[in-house]
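The sequence and the structure come first, and the description follows.

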Amino acid sequence: MVTVAQILDLLHLQPLAAEGGYYVESYRAAEVLPAGALPSRYGGERALCTAIYYLLTPESCSRLHRLRTD
């Protein structure tokens, strides 16, 4: 059986202090939306798409949080 430590090491997951659990960005689009095309709440340009691996363990929790976008 694979352990949590092995998964963290294999995927290079890092603690996500703000929300809990562990994560690593697995993809970021090269194209971006310029800040002028976005609502001011974003504060800058944003990649068209990103993806992450996210892991919760029995010892971690996911804190409630809101994203600025869908």
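Tyrosine 53 is found in strand E5, where a strand is a DSSP run of E with at least two residues and a helix is a run of H or I with at least four, both numbered from the N terminus. The model is predicted, so local features need pLDDT of at least 70 and side-chain atom pairs count only at pLDDT 80 or more, while totals for chains, interfaces and linings use all residues. Residues are numbered from 1 along each chain as its sequence is written, and side-chain values use heavy atoms, with hydrogens and water left out.

**The sheet**

Strand E5 belongs to an open sheet of three strands in the order E1-E2-E5, with antiparallel pairing. Strands E1 (14-15) and E5 (50-55) stand at the edges with a single partner strand each, so one side of each has no neighbour in the sheet. Two strands count as paired if DSSP finds at least two bridges between them. Strands of a sheet pair through backbone hydrogen bonds, either parallel or antiparallel.

E1 and E2 run antiparallel and are joined by two bridges. Their hairpin has six residues between the strands, and glycine 20 takes a positive phi near 95° there. Strand E2 (residues 22-28) pairs with E5 in the antiparallel sense over six bridges. The table lists residues that stand opposite each other.

| Residue | Opposite residue |
|---|---|
| Proline 15 | Tyrosine 22 in E2 |
| Tyrosine 22 | Leucine 55 in E5 |
| Glutamate 25 | Isoleucine 52 in E5 |

**The helix and the surface**

Helix H1 (residues 4-11) lies across E2 and E5 and runs at about 160° to E5. The angle is taken between N-to-C directions, from 0 to 180 degrees, with axes fitted to C-alpha atoms, for helices over the stretch in contact (heavy atoms within 4.5 Å).

Leu10, Leu11 and Tyr53 make a nonpolar surface patch of about 310 Å². Such a patch joins nonpolar side chains (Val, Leu, Ile, Met, Phe, Trp, Tyr) within 5 Å, from residues with over 30% relative accessible area and no salt bridge; like charges are joined within 9 Å. Accessible areas come from the Shrake-Rupley method with a 1.4 Å probe, and for residues only the protein chains shown count as cover. Tyrosine 53 is partly exposed at 46% relative accessibility (buried is under 20%, exposed over 50%, partly exposed in between).

**The salt bridge**

A salt bridge is a side-chain nitrogen of Lys or Arg within 4 Å of a carboxyl oxygen of Asp or Glu. The count by this rule is one. It joins the side chains of arginine 28 and glutamate 25, at 2.8 Å from N to O. Arginine 28 is partly exposed at 49% relative accessible area, and glutamate 25 is partly exposed at 37%.

How values were computed: Buried means under 20% relative accessible area, exposed over 50%, partly exposed in between (1.4 Å probe, protein chains only).
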